[in-house]
Amino acid sequence: MNTEDLKHYLADSPPSVVRLEIEKHFEALSDKQKRYAHYISKAAFAGTRIVLRQISPESEAIYDFILSLHEASGGNWASLAEKAGVSEKDLTSFLEYAAMFLGNNGNYKSFGDSKFIPRCDESVFKALAATSPKAEGFYKATNGAIFSADKQGLMHLGYGDDGHMTTYYPETADITKAEIDAVSNWMEKKGLLPENTRLRKTNDGHFELLIAAAVTQVPSNGGDIGKETEFIVEDGPLEGKTIKLTFGDYSKEMQVIAEYMKKAAENADNDTQKDMHTAYAKSFESGSLLDFKDSQRFWIRDKGPMVECNIGFIETYRDPAGIRGEWEGFAAVVNLERTRAFAELVASAPSLIPLLPWNKDFEKDAFLSPDFTSLEVLTFAGSGIPAGINIPNYDDIRQTEGFKNVSLGNVLSAKAPNEKIPFIAEADLELYKKYRDASFEVQVGLHELTGHGCGKLLQETSPGVYNFDHANPPVSPLTDKPITTWYKPGQTWGSVFGSIAASYEECRAELVAMYLSCEFPVLKIFGFGDGSNDLDGEAGDVLYASYLSMARAGLVSLEMWDPKSQKWGQAHSQARFSILQCFLQAGDDFCKLEYKNDDLSDLTIKLDRSKILTAGRDAVGKYLQKLHVYKSTADVENGTKFYTDMTTVDKDFWGTKVRNVVLENKQPRKVFVQANTTVDEATGKVSIKHYEASLAGIIESWADRKL
């Protein structure tokens, strides 16, 4: 890779290290609630090595290398650098890489899925490694992968047969997309869920499904599809091939996690919480995702807890096939004051959803009123921390039983020092800074609650049984004709739309939020305005900041576009780019990119505030309607083509000129320093330890976890 290309893969210098502030909220808990939060936190972080192994073959060795150097330094990095003969500048480069690695739980960015490499020479790492036999052993185990950048494809996560990095299909560089899809289809027919699996192709051309579980053989009462573990495929492209189920992937970690879940159950506030954690433990021990789905049912029923949590193989963004989940877990304290606004938003949802651009045929029969809480994060273990969450991701539960929404307040409010804000015009900058957090909170609320929470999948739920009038099918607002496609028995949104599903759904949810944020009574719920359509007042300021933020997000998302592979590296970025295109295509001069210099170095976003409620909202509504109807009706052919067209980056203007100026103005993403808790087993008292927001502080926080 040439030097010009390589510079975009260098570790941030410095990364934006910020602290998750939690102490005052945590201290307000009872002793029992603190223990409950502590054991959930321990369980979440106990999956750290799972995440590392899910990212790259070298990530676990890099993790051990960093922490063994911390141990060798005794916390005095300057002394270690002197011993190694390493300059202060080179030591800083190591610490920046280490902090960024720990913040992403691996050597690929959690937002963008691209590899990052140190800014110093490889000799610096070798010299530091030589100060400790333990560190040197781990460094050698990385096999040079920390610095390797000779194969462009391996700089990004993706399918192995595209030349990209993936460990969801380990030790099988020759496994193809077609084979992965064929095994997925076989699993769907068998009723075997994929989230906690990996898939390996054996040397003789057969397949092995690795199931995350503490047990290393099929449970005595059978797995989710019985006691049989070897199957010969009877038809299709894999006819005659054997698929073997192997229990015990991540066995050691899963056992530890299950034990912590049992301790959390012992400290639960109520029977629903106890049942939830018992189901978690059972799932993590046996590998049963049916038991895991039960844990999510109990989780939905745990209304208004003081300590909120979720844990497991949840989001499927990083699996190139879009079906296998990455490990994550969180424990957080409810912010009662901010939660009141979200509760009011939930109460308003049944009157807001009918405003969306489709009729009741494409909407749930009744809105399943969820819990929606504002949380202050104590622990979020995984490769990255989102601003909001809407789960569970199982459509059958969401459609008929419900879901929950959470907004992560101390993540939203965390600020990096000296943060620059490119592409916002000078005239808009003061307003943007003042209202971007408020507008983002509204956006997150609407995105999670009404975005992910709305919509009906038209299904043949079992042979001959439909959740719509099959004799008189609904009329599509896109064609004015009865629909001709729907989900067949066993099919899910993810299985039908595959790798595009995650980004497509994020785009749909973002558009719902943009559409409904134009409802001024919603802005009033969050404390802005009196509910009247006053574009010139404070509520109008928040709305304008929201549309500006989305346009800017669509612009900077080009950082996540890889011109070599012509692929997006991040689901949300792909979605936001398409929404910027929607704004630009709205007409009536609603949104433009302004610049005078040929190199676009003075590029700014020009958005006409007075046209948000007309041209802007109309364009958003038309885009949203298409995405929603294609999703509801399982119209994968038209939906995929339409979304692909909206997210295609042309080579010259967007893919080169605009992307270059975006990369030149790239701002480091935040990496979070999280507190640790410990429990005195004799007294049952829980203590909390905070760390400074620094490169050394984030490393120390991880070292104290002793994972």
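Tutor: Let us take a few labels in turn and set each value against its definition. This is a predicted model, in which local features need pLDDT of at least 70 and side-chain atom pairs count only at pLDDT 80 or more, while totals for chains, interfaces and linings use all residues. Residues are numbered from 1 along each chain as its sequence is written, and side-chain values use heavy atoms, with hydrogens and water left out.

Student: Why is Glu448 called buried?

Tutor: Buried means under 20% relative accessible area, exposed means over 50%, and partly exposed is in between, with a 1.4 Å probe and protein chains only. Glu448 has 7% relative accessibility, so it counts as buried. The "active site" label on Glu448 comes from UniProt, in an unreviewed entry. UniProt positions are given in the numbering used here, feature names are shortened, and annotations may be inferred rather than shown by experiment.

Student: Where is Glu448 found, and what is Glu448 in contact with?

Tutor: Glu448 is part of helix α17; helices are DSSP runs of H or I with at least four residues, strands are runs of E with at least two, and both are numbered from the N terminus. Contact means heavy atoms within 4.5 Å. Leaving aside neighbours within four places in sequence, the contacts of Glu448 are Phe372, Gly388, Ile389, Asn390, Asn405 and Gly453. The side chain of Glu448 also reaches the backbone nitrogen of Ile389 at 3.5 Å.

Student: How do you know that both faces of β9 are covered?

Tutor: In a regular strand the side chains alternate between the two faces of the sheet. On one side of β9 are Gly388 and Asn390, on the other Ile389 and Ile391, and all are buried.

Student: What makes β9 and β10 a pair of strands?

Tutor: Two strands pair if DSSP finds at least two bridges between them. Four bridges join β9 to β10 (residues 404-408), and the two run antiparallel. Gly388, for one, has Ser407 as its bridge partner in β10.

Student: What stands out about the peptide bond from Ile391 to Pro392?

Tutor: That bond is cis, with omega near 10°, and Pro392 sits in the loop between β9 (388-391) and α15 (395-400). The peptide bond from Ser13 to Pro14 is cis too, with omega near -10°. Most residues other than glycine have a negative phi, and most peptide bonds are trans.

Student: Which phi does Tyr250 have, and is Tyr250 buried or exposed?

Tutor: Tyr250 is not a glycine, yet its phi is positive, about 55°. Tyr250 lies in the loop between β5 (242-249) and α11 (251-266). At 5% relative accessibility, Tyr250 counts as buried. Gln566 also has a positive phi without being a glycine, about 60°, but at 45% relative accessibility Gln566 counts as partly exposed.

Student: What makes helix α23 largely enclosed?

Tutor: Helix α23 (residues 612-632) has 15 of its 21 residues buried, so the rest of the structure largely encloses it. Arg617 is buried, with a relative accessible area of 16%.

Student: How many residues separate Lys622 and Asp618?

Tutor: Both lie in α23, four residues apart, about one turn of the helix. An α-helix has 3.6 residues a turn, so residues three or four places apart point the same way. Lys622 and Asp618 form a salt bridge, with their closest N and O atoms 3.2 Å apart. Lys622 is exposed at 53%, while Asp618 is partly exposed at 41%.

Methods:
Salt bridge = Lys/Arg side-chain N within 4 Å of Asp/Glu carboxyl O. Polar contact = N/O pair within 3.5 Å; in protein donor to acceptor, adjacent residues only side chain to side chain.
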